[in-house]
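Open the model in your viewer and keep the selection tool ready. We will go stop by stop.

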Amino acid sequence: MNKLVIRDLKKEDIEAIENIYALYWPDQKFRERLSSRLKDGSVACLVAENNGEVVGVSGFRKAPEHMIEFTKTNNPAELYILAVKDRQQGIGKALVEKALKDIKNLNYTEVVLYSGETHQDSWSFYDHLNFERVAPSTAPNGELGQIWRILV
Ligand SMILES: CC(C)(COP(=O)(O)OP(=O)(O)OC[C@H]1O[C@@H](n2cnc3c(N)ncnc32)[C@H](O)[C@@H]1OP(=O)(O)O)[C@@H](O)C(=O)NCCC(=O)NCCS
């Protein structure tokens, strides 16, 4: 029987997470930056584990300066990373729900996220989870995308 557990990141999860990134982000430099932020602890990371296998990852951090213009409250977090190995099995939703709970427990007041046009197929997922579309935006790397927000 499948048993999905959402838990904090352990050092030994990093390789499995890198393999999940590689499914969706072809840019190796970008993937290296993600990994270094997991390793240095600047992104708080959760993993989804199914029968002992790491099958998804979410990560959040204090919202960076360039996202503050999209926030409404005084202590925003950013949902910085979200990806699952196999889609449409409830794993992404479970990761987001646990991240939102942790974020609220840490006294953040809202969550913002950016998703680039290269990942447009995930945009309706955020709509479906009641995130509000705020505005189009260009990421620091120049990629066009969209910002979402949800109060916690
Ligand atoms: C976006 C992503 C994390 C969603 O995770 P997932 O595990 O496939 O989603 P879930 O199975 O938990 O879906 C939860 C709900 O959202 C719905 N949903 C999932 N993907 C959807 C989509 N692309 N559009 C609309 N609804 C979607 C599901 O049908 C489900 O609905 P229900 O709760 O009413 O039954 C996953 O598609 C993914 O890893 N994508 C590639 C990486 C990526 O693009 N990440 C985001 C970049 S910012």
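**A tour by selection**

Start at Gly41, which follows helix 2 and has a positive phi, near 80 degrees. This is a predicted model. Now step back and select helix 2 itself, residues 28-39. Its 12 residues reach 16 Å from the first C-alpha to the last, close to the 16 Å expected at 1.5 Å a residue.

Next, select helix 3, residues 91-105. Its end C-alpha atoms are 21 Å apart, which agrees with the 21 Å that 15 residues should span at 1.5 Å a residue.

Which residues of helix 3 are buried? Color Ile91, Gly92, Leu95, Val96, Ala99, Leu100 and Ile103. Look down the axis of helix 3: these buried residues fall within an arc of 165 degrees, so they line one face of the helix. An α-helix has 3.6 residues a turn, so residues three or four places apart point the same way.

Turn to the other side of helix 3. Lys101 and Asn105 are exposed there.

What covers the buried residues of helix 3? Show strand 1 (4-8), strand 2 (44-50), strand 3 (53-62), strand 4 (76-84) and strand 5 (110-116).

Just after helix 3, pick Asn107. Its phi is positive, about 70 degrees.

Finish at the ligand. Of the 18 residues around the ligand, select the ones that come nearest: Arg87, Gly92, Lys93, Ser122 and Ser124. Gly92 is also one of the buried residues of helix 3. Strand 4, helix 3 and helix 4 each supply at least two residues of the shell. Color the shell by type: 6 residues are nonpolar, 9 polar and 3 charged.

Key: Residues are numbered from 1 along each chain as its sequence is written. This is a predicted model: local features need pLDDT of at least 70, side-chain atom pairs count only at pLDDT 80 or more; totals for chains, interfaces and linings use all residues. Helices (H or I, at least four residues) and strands (E, at least two) are DSSP runs, numbered from the N terminus. The expected span of a helix is 1.5 Å times one less than its number of residues. A residue is buried if 20 or more other C-beta atoms lie within 10 Å of its own, exposed if 12 or fewer, and partly exposed in between; C-beta atoms are placed from the backbone. The arc is that of the directions from the helix axis to the C-beta atoms. Two residues are in contact if their C-beta atoms, placed from the backbone, lie within 7 Å. A residue is near a molecule or strand if its C-beta atom, placed from the backbone, lies within 6 Å of it. Ala, Val, Leu, Ile, Met, Phe, Trp, Tyr, Cys and Pro count as nonpolar, Asp, Glu, Lys and Arg as charged, and the others, Gly among them, as polar.
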